[in-house]
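I wanted to note what I looked up, entry by entry.

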Amino acid sequence: MDNPNQKRRQELEKYFDVQGPFAFLRLAQMKRAWRQGNRRQLTWWENTYIPTLISGIWLTSKHFFRNLGFHILHLVGLCKDVRAAVTYQYPEQKRPLGLRLRTRHRLTKREDDSPRCVACMMCETVCPARCIEITAAEHPDPNIEKYPAEFILDLGKCVYCGFCVEVCPEDAIRMDTGILNTSEYSRESMIYNKKRLMEE
Amino acid sequence: MSDIAIKLLLSCGTLAGAFGIAGLLTWVERKQSAVMQDRIGANRATIFGFKALGLFHAIADFLKMLSKEEFIPQGANKFLFNLAPYLSFTFALVAFAAIPIGDRLIVGIRTIDLQAANLNIALIFIFAMMSMGVYGVVLAGVSSNNNYAFLGSMRAAAQMIAYEITMGAAIMGVIMVFNTLDLQMLVHREGAYMLGGWLPKWGIFVQPLAFILFLTAAAAETKRTPFDLPEGEAEIIGYFVEYSGMKFGMFFLADLIETVLVAALMTTLFLGGWQVPYLLPDGFYFPWGGHIALSNIPVVLLGILSFFIKVSFFIWLLMSVRWTFPRFRYDQLMNLGWKVLLPASLVNIALTAVVIILLK
């Protein structure tokens, strides 16, 4: 009796009352209900589509007239703080970005505008896409061992995983520029060098 | 001579009105769908820095369509292929001739019926023209030598037959009540009042079931979304898959013109055409006893305005329907047409007949 199928069958038999003279009609109905699992049978009124049609039109009309009203109020300069559309007019109006969102990289600078990077090659090593290529050189300051003579970052390969930022011991590379539109017309121009990465 | 001039003016006016509204509908469609989906909609086309709420997109579209290559596929029947868009477009426009847009205008000794062609079989004429429009769709699919286009036109033919029968049967009730096929006379008879002068005798009040059936069938007639099986944008692209440039544009526009036509027809049959509630030819007579005297010209202008508002309402409704509901499956479409709408419209005819005889 613990069998859920048997239990459900009894429930359905009770619900559809399969004992009466026109039981065969209800039996077909019951079989259909059995096949459809726990889905509720639609009533006749629901089957005419009319309630769903009305509720559908009602919903879209509510949005239509509300938004239309606010659009008109905006045109006359009222209620500017109530938004009539949820969209952003992209190039002019940008969406606020999450604080931890990983966007295009930049190389941070020291006070004298030289890169903070010490060419330790950690980011190049950890990069799963192998998009970073550092050429190290000796730094004139004896306190700093090395500096990147060139720092190539191929955004065409980059997967924006942020491992380079995580791994950097000097906080020299960050992904906080907020730049998302890094599209270019050629693969070559997707390759960023040190100079481009240090531009603000 | 002046008769011909007046007729020309009237038909040009009707044509320009229908055409203008249909052209504007491309903008309405974009904006309405945008506003009801919490978007803003097309607003980037500018002329000298003016955006005009995106109205210039219609012009931009038109120019784009005109400047595109007109492609004729290999193996297509060139004559029929070129003919099809004109058929579908022209017949949709011609049907406007029989729709009364206003009351009788009295200029000097003349009385001008504001109707491009006052036919005494206007309703039959309109239905004939709408059925002819199907030829455009079917020929487009058959002549373009493309299986998908062919499939689309077959669906179109099946759908049009199914729904035009319902449409014809639905208006039978209206014809029986108003006892005329002349649309101008029908609108005049809709100017009567029931329930002690409070309720105008509009089609929607005397034939509510016919109104719902006609609305559904008319939405199917325009081949737009809940019934867009012939186009089937998501799967077969439909009967105009091989068309490009302005010929595609004509099919596109023909759909919109049909929307306007159907809205105008619904207005005429069910919402009293150009009738303004309680407005008689010499002014307002309110059922609570008020009276405002008006001369002929303001009455006619009010009538045209009322016609325009009613048509706009139906266009809004059809657009809402188009942007609210998902489409039918093919078998659901046929079930709805043949098993629900057609019997219901026949029942409506029988009921109307019984009621008319009982009321006599």
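**Entry 1: chain B overall.** I started with the secondary structure of chain B and found 11 helices and seven strands. Next I checked how compact chain B is. Its radius of gyration is 21 Å, close to the 21 Å that the globule rule gives for 360 residues, so chain B is as compact as a globular protein of that length. I also looked up the box filled by its C-alpha atoms. Along the principal axes, that box is roughly 70 × 55 × 50 Å.

**Entry 2: confidence.** I reminded myself that this is a predicted model. For chain B the mean pLDDT is 88. I noted that 100% of the residues of chain B reach 70 or more. For the complex, the predictor gives an ipTM of 0.85 and a pTM of 0.82.

**Entry 3: burial and contacts in chain B.** What share of chain B is buried? I read off 43% of the 360 residues. Then I turned to contacts in chain B between residues at least 6 apart in sequence. Of these, 75% join residues at least 24 apart.

**Entry 4: the nonpolar cores.** I looked for the largest nonpolar core and counted 91 residues in it. Which members touch the most other members? They are B:A95, B:F214, B:I257, B:V260 and B:M266. Helix α9 of chain B, residues 245–270, gives this core its largest share, 16 residues. Leaving out residues up to four places away in sequence, B:M266 touches B:F214, B:L215, B:A218, B:L271 and B:F314. I also found a second, separate core of 18 residues. Among its members are A:C127, A:I132, A:I173 and A:Y192.

Entry 5: I followed strand β1 of chain B, residues 104–107, to strand β2 of chain B, residues 110–113. The two pair in the antiparallel sense over four bridges. I wrote down two of the bridge partners. B:L105 has B:I112 as its partner in β2(B), and B:R104 has B:D113. The hairpin of β1(B) and β2(B) has two residues between the strands. There, B:G108 takes a positive phi near 60 degrees.

**Entry 6: a sheet in chain B.** I then traced an open sheet of three strands, in the order β5-β6-β7 of chain B, with antiparallel pairing. Why do its edge strands have a side without a neighbour in the sheet? β5 (279–280) and β7 (291–293) of chain B each have a single partner strand, so one side of each is left without a neighbour. Two bridges join β5(B) to β6 of chain B, residues 283–285. In that pairing, B:L280 stands opposite B:G283.

**Entry 7: chain A.** I moved to chain A and found seven helices and five strands. From the N terminus on, I read its elements as α-α-α-α-β-α-β-β-α-β-β-α. Of the 200 residues of chain A, 12% count as buried. I looked up its contacts with a separation of 6 or more, too. Residues 24 or more positions apart account for 61% of them.

**Entry 8: a sheet in chain A.** In which order do the strands of the open sheet of chain A lie? I noted β2-β3-β5, three strands with antiparallel pairing. The edge strands are β2 (132–138) and β5 (191–192) of chain A, and each pairs on one side only. Strand β3 of chain A, residues 146–154, is joined to β5(A) by two bridges. A:D154 stands opposite A:I191 in β5(A).

**Entry 9: where the chains meet.** Last, I looked at the contacts between the chains. I counted 10 residues of chain B in contact with 13 residues of chain A. Which elements of chain B give two or more residues to this side? They are α1 (2–36) and α10 (296–324) of chain B. By class, I found five nonpolar, three polar and two charged residues on the side of chain B that touches chain A.

Terms used. Residues numbered from 1 in each chain as written. Chains lettered and ligands numbered in written order. Predicted model: local features only at pLDDT ≥ 70, side-chain atom pairs only at ≥ 80, totals over all residues. Contact = placed C-beta atoms within 7 Å. Nonpolar A, V, L, I, M, F, W, Y, C, P; charged D, E, K, R; others polar. Rg over C-alpha atoms; globule rule 2.2 N^0.38 Å. Buried ≥ 20, exposed ≤ 12 C-beta atoms within 10 Å, placed from the backbone. pLDDT = per-residue confidence, 0-100. Core = buried A, V, L, I, M, F, W, Y, C linked by C-beta atoms within 7 Å. Pairing = 2+ DSSP bridges.
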